[in-house]
Structure formats: structure tokens, C-alpha cells
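This briefing goes through one protein chain by topic. The structure comes first, and the points follow in groups.

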Amino acid sequence: MAAVVVQSGVTQPPNSTVYVRNLEERIKIDDLKESLREIFSEYGNVIDLVAKKNLKARGQAFVVFDDVEAAERAIKEVQGFELFDKPMLLDFAKTKSDATVQREGNEEELESHKRRRLAEKERKQAQQATEEQKKLKRPAGVAAPDTAVARPTKATRGAGLKSSNPGAGAVVPEEYLPPNKILFVQNLPEDYDVDGLTAIFGRFEGFREVRLVPGRRGIAFVEYEAEAGAISAKESTSGMGLGAESKPIKVVYQRQ
């Protein structure tokens, strides 16, 4: 068993993926990846290298080796090494890479890994959206209305399926609700019934049932045994065109 590496800046337990940050953001991605591959290939077989140009991922990369020992050597030797005049800061990645899961397991395990990663991403988006909503609630220094007793919040007419709890905090937009096992489907053609929706949503793992809402057209709830099935269904069906006009449907997680 390999010894645990104790290295400045290392906070995660050893694994075969190295997380690199503090990279020069102005360098083209292809040039950056080529330079990183040339450096890290000195320490072992690099089976994947991920670097993206979107705003949140700039200045970061993931280098995937085929064994943990190679990743340990790379962190020990490359920590603080300057690339494009900036010292690289290295750590082990928090989770296994897709390439590692695929190498060690099978397609089913890879798909399960991707679903868990997607669920975690959506949870983080929901958390961020909640924080942003809280910031917008009231600017600093603005006085509250000069009434002796605050009036209870009045539920908005037509709030429908959304919470009308006056004590609730900031409302997270539907698109950023955290995953759960029930989907809320909107913009459905009027002629779609339970059987038609079951044919679409019933092909995903753990399907339980479709529930229409009496007196409300164009919406339905789809329930699964676990989050994994709901995540797969949402990813595959959101924006799908249905009906004669191929109107895209909206699929989000049910508000809890």
C-alpha cells in the first residue's frame, strides 16, 4: 500500500487524478493542455487531461494518471513549478475522473458516476441560486416599513403548485432546484395522457408512475424510486418536442 503523501497545499487523500490550479488564463486551451501533458508525462502514463475555457473552469485542469503512485510523484515534484510565469498549485482531485471509473469498471458504473456528478452539480447550483436570492432580498441600510407589527405575507393569487408559506425564505428558481425522485413536467400537449407519458418516462430506471393534476392541463408529475432515475429522465427529456407542433416540454425537479 502506497504511503500517504504529506505535501504543502495537499488536502485530499491520494488518488490517480491531480487537480491543477493557478494556471495562466490567457493561454489557449490547446497550448495549455499540450504544455501540461509534456510536463506530467514525465511522471507516468497520462490517460486523460481535462481543461476547459468556460469562466468557472478557467485557470484549472485535471491530469489523470493510470495509477496513484504516478499522481503522488507528480504532486511532489511539480508543486509550485512555474508554467507561463505562474506557480502551479496541485492537489489530488476530490472525486474519481470519468476516465478512471471507465478504466476500473464498466459502462453501467460510468453512467452511475456521471449521474452522481450531475446531481452534485445541480445541488451546488441550487445552493448558489438561494444565496443570490438572499442577497437581493433587501439592500443594506434600507429601513423596514414603519409599522408596529409586520403584516403577514399574502399568498400570490395563482401561486398554484409553488409554496405559499409566509415564513419561507428566498425562492429558488425552478431550473436550480436540487435533485429528488419526482419530476414536474410542464408545457405538455393537451392530448397527452398517462399512457403517452409513461411511454416516454417509463424507460428510465426505477420508474413508478405518472400523475396528472385534475383540472390542470399541460402539467404532470413523474415519480421514480430514486434520484438516479429522475436525473437520467430529466437530462434526456427536458426540451423534448411533443405534439403536432413539437412544442418543447419543460422538466424540472418537484419543489420540496
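**Helix H5**

Asp 193 caps the N-terminal end of H5, with a side-chain oxygen 3.3 Å from the backbone nitrogen of Asp 195. The model is predicted, and the chain averages a pLDDT of 78.

**Nonpolar cores**

- In soluble globular proteins, nonpolar side chains tend to be buried together.
- The largest nonpolar core has 23 residues, and those touching the most other members are Val 18, Val 20, Leu 36, Phe 40, Phe 65 and Met 88.
- At least two residues of this core come from each of strand S1 (17-21), helix H1 (29-40), strand S2 (46-50), strand S3 (60-65), helix H2 (68-78) and strand S6.
- H2 gives the most to this core, with five residues.
- Beyond residues up to four places away in sequence, Phe 40 touches Val 18, Val 20, Val 46, Val 63, Phe 65, Ala 74, Val 78, Met 88 and Leu 90.
- A second core is separate and has 19 residues, including Val 185, Leu 197, Phe 201 and Val 251.

- Ala 93 is in the loop between strand S6 (89-92) and helix H3 (98-104).
- Ala 93 has a relative accessible area of 4%, so this residue is buried.
- With neighbours within four places in sequence left aside, the contacts of Ala 93 are Gln 12, Asn 15, Thr 17, Tyr 19 and Phe 62.
- From C-alpha to C-alpha, Ala 93 is 9.1 Å from Val 63, and the two are 30 residues apart in sequence.
- Gln 186 is in strand S7.
- Gln 186 counts as buried because its relative accessibility is 15%.
- Apart from neighbours within four places in sequence, Gln 186 is in contact with Glu 174, Gly 218, Ile 219, Ile 249, Lys 250 and Val 252.

**Salt bridges**

- Side chains of opposite charge can pair when their charged atoms come close.
- The whole structure contains five salt bridges.
- Glu 24 is buried at a relative accessible area of 12%, whereas Arg 26 is exposed at 75%.
- Glu 209 and Arg 211 also form a salt bridge through their side chains, at 2.9 Å from N to O.
- Both partners count as partly exposed: Glu 209 has 35% relative accessibility, and Arg 211 has 28%.
- Arg 211 meets Glu 223 in a further salt bridge, at 2.7 Å from N to O.
- This pair links distant parts of the chain, with Glu 223 in strand S9 and Arg 211 in strand S8, twelve residues apart.
- Glu 223 has 11% relative accessibility and counts as buried.
- Through shared partners, salt bridges join Arg 208, Glu 209, Arg 211 and Glu 223 into one network.

**Confidence**

- In the chain, 67% of the residues score a pLDDT of at least 70.
- Confidence is highest in S6, at a mean of 95, and lowest in H3, at 60.
- Residues 1-6 have pLDDT below 50, and this stretch has seven contacts in the model beyond near neighbours in sequence.
- Residues 143-164 also have pLDDT below 50, with eleven contacts in the model beyond near neighbours in sequence.

Terms used. Residues numbered from 1 in each chain as written. Predicted model: local features only at pLDDT ≥ 70, side-chain atom pairs only at ≥ 80, totals over all residues. Heavy atoms only, no water. Polar contact = N/O pair within 3.5 Å; in protein donor to acceptor, adjacent residues only side chain to side chain. Helix = DSSP H or I, 4+ residues; strand = E, 2+ residues; numbered from the N terminus. Buried < 20%, exposed > 50% of the residue type's maximum accessible area, 1.4 Å probe, protein only. Contact = heavy atoms within 4.5 Å. Core = buried A, V, L, I, M, F, W, Y, C linked by side-chain atoms within 4.5 Å. Salt bridge = Lys/Arg side-chain N within 4 Å of Asp/Glu carboxyl O. pLDDT = per-residue confidence, 0-100.
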